[in-house]
Amino acid sequence: MNARELIDFFKIHSIELKIADGNIKCKAPKGFMTAELLAHLKNNKQEILACLASSGANQQTIARRPDGAAYEVSFAQQRLWFLDQLASGSAFYNMPTAVRLNGFLDESALTRALNEIVRRHEILRSTFTAVDGKPVAVIAPSLTLQLPVADLTDLPRGERNAKAQWLLQQDAQAPFNLTAGPLIRAGLIRLDSTEHIVFLNLHHIISDVWSLGIVVKEVAALYAAYAQGLPSPLPELPIQYADFTHWQRRWLSGDVLQKQI
């Protein structure tokens with residue numbers, strides 16, 4: 001990520017970057033600042049400091065978009081929507097991930113955790129259509145994510161991993177329809193009574209690598225709570241991605257936009 005993308009990434013997660021004594025300062029939740037993210041900050045330090053100083057972004061906060069405001073798309077989403085128009089039906093911008101789980105699995109708690117993530121993040125309930133030739137986000141009020149199970153326990157043990165890899169590849173190569181959605185899907189592969197593979201696949205227009213890592217961490221936290229009969233440990237989000245796009249379209253305009261171009 002470049003300096004501007006890093007600043008926007010922190011804003012999306014309501015983490016404020018500031019300049020203090022010539023350095024970048026921020027207050028992030030425990031575990032948020034990964035080694036890779038710290039490396040990005042270090043490698044882009046001077047550019048980030050320049051952006052913060054010139055734009056005043058270190059003093060801005062992103063607020064909830066006004067009631068009735070259109071669900072605008074970000075510049076990154078607009079780019080991906082345009083590419084999808086050029087090559088519809090492509091799986092090139094799919095973002096699949098899979099995790100192998102060992103031990104007892106509470107499938108009900110896992111399904112509930114995934115659907116809480118979908119409820120929690122509007123962007124995961126979004127589809128995209130064109131109005132006057134321009135992309136517009138459509139946020140569904142609700143979406144129930146299914147967790148289909150592929151049971152491979154009837155196969156000889158030596159064949160299960162190969163079959164699982166084939167299933168993962170098939171899902172990874174299945175395209176999304178940006179207009180019809182949903183743009184997220186999940187599945188479970190049962191290798192044994194105590195060995196499973198859970199997989200997620202999202203279109204890049206609703207996620208990126210950083211966001212995918214957050215989704216996985218939140219699913220893990222929710223599953224741990226639900227499996228014990230506890231409520232969600234995650235606080236409600238102060239803003240949604242559509243709030244960010246509303247802010248971005250107004251900040252990145254006029255002279256600021258021309259300078260970036």
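In this predicted model, residues 24 or more positions apart account for 73% of the contacts in the protein chain with a separation of 6 or more. The elements behind this picture are nine helices and eight strands.

The overall dimensions come next. Along its principal axes, the C-alpha trace spans about 65 × 45 × 35 Å. The radius of gyration is 20 Å, which agrees with the value near 18 Å that a compact globule of 261 residues would have. Of these 261 residues, 39% count as buried. The accessible surface of the chain comes to about 14,300 Å², and carbon and sulfur atoms contribute 55% of that area.

Among the strands, β7 covers residues 184–192. Nine of its nine residues are buried, so β7 is largely enclosed by the rest of the structure. Strand β6, residues 149–151, runs parallel to β7 and is joined to it by three bridges. In this pairing, Asp-151 stands opposite Arg-190 of β7. The loop between α6 (157–172) and β7 contains Pro-182. The peptide bond that leads from Gly-181 to Pro-182 is cis, and its omega is near -10°.

A second pair of strands is formed by β4 and β5. These two pair in the antiparallel sense over six bridges, and Phe-128 stands opposite Ala-137 in β5. In a regular strand, side chains alternate between the two faces of the sheet. The hairpin of β4 and β5 has two residues between the strands. Asp-132 is located in this loop, between β4 (126–131) and β5 (134–139). Asp-132 is not a glycine, yet its phi is positive, at about 55°. Is Asp-132 buried or exposed? Its relative accessible area is 77%, and because the cut-off for exposed is over 50%, Asp-132 counts as exposed.

Asn-44 lies in the loop between α2 (35–43) and α3 (45–55). With a relative accessible area of 14%, Asn-44 is buried, since the cut-off for buried is under 20%. Which residues does Asn-44 contact, leaving aside its neighbours within four places in sequence? They are Met-1, Asn-2, Ala-3 and Leu-6.

Ser-74 is placed in the loop between α3 and α4 (75–86). Ser-74 also counts as buried, at 1% relative accessibility. Not counting residues up to four places away in sequence, Ser-74 touches Tyr-241, Phe-244, Thr-245, Gln-248 and Arg-249. Asp-171 gives another point of reference for Ser-74: the two are 97 residues apart in sequence, and their C-alpha atoms are 27 Å apart in space.

Key. Residues are numbered from 1 along each chain as its sequence is written. This is a predicted model: local features need pLDDT of at least 70, side-chain atom pairs count only at pLDDT 80 or more; totals for chains, interfaces and linings use all residues. Side-chain values use heavy atoms; hydrogens and water are left out. Helices (H or I, at least four residues) and strands (E, at least two) are DSSP runs, numbered from the N terminus. The radius of gyration is taken over C-alpha atoms; the globule rule is 2.2 Å times the number of residues to the power 0.38. Buried means under 20% relative accessible area, exposed over 50%, partly exposed in between (1.4 Å probe, protein chains only). Contact means heavy atoms within 4.5 Å. Accessible areas come from the Shrake-Rupley method with a 1.4 Å probe; for residues, only the protein chains shown count as cover. Two strands pair if DSSP finds at least two bridges between them.
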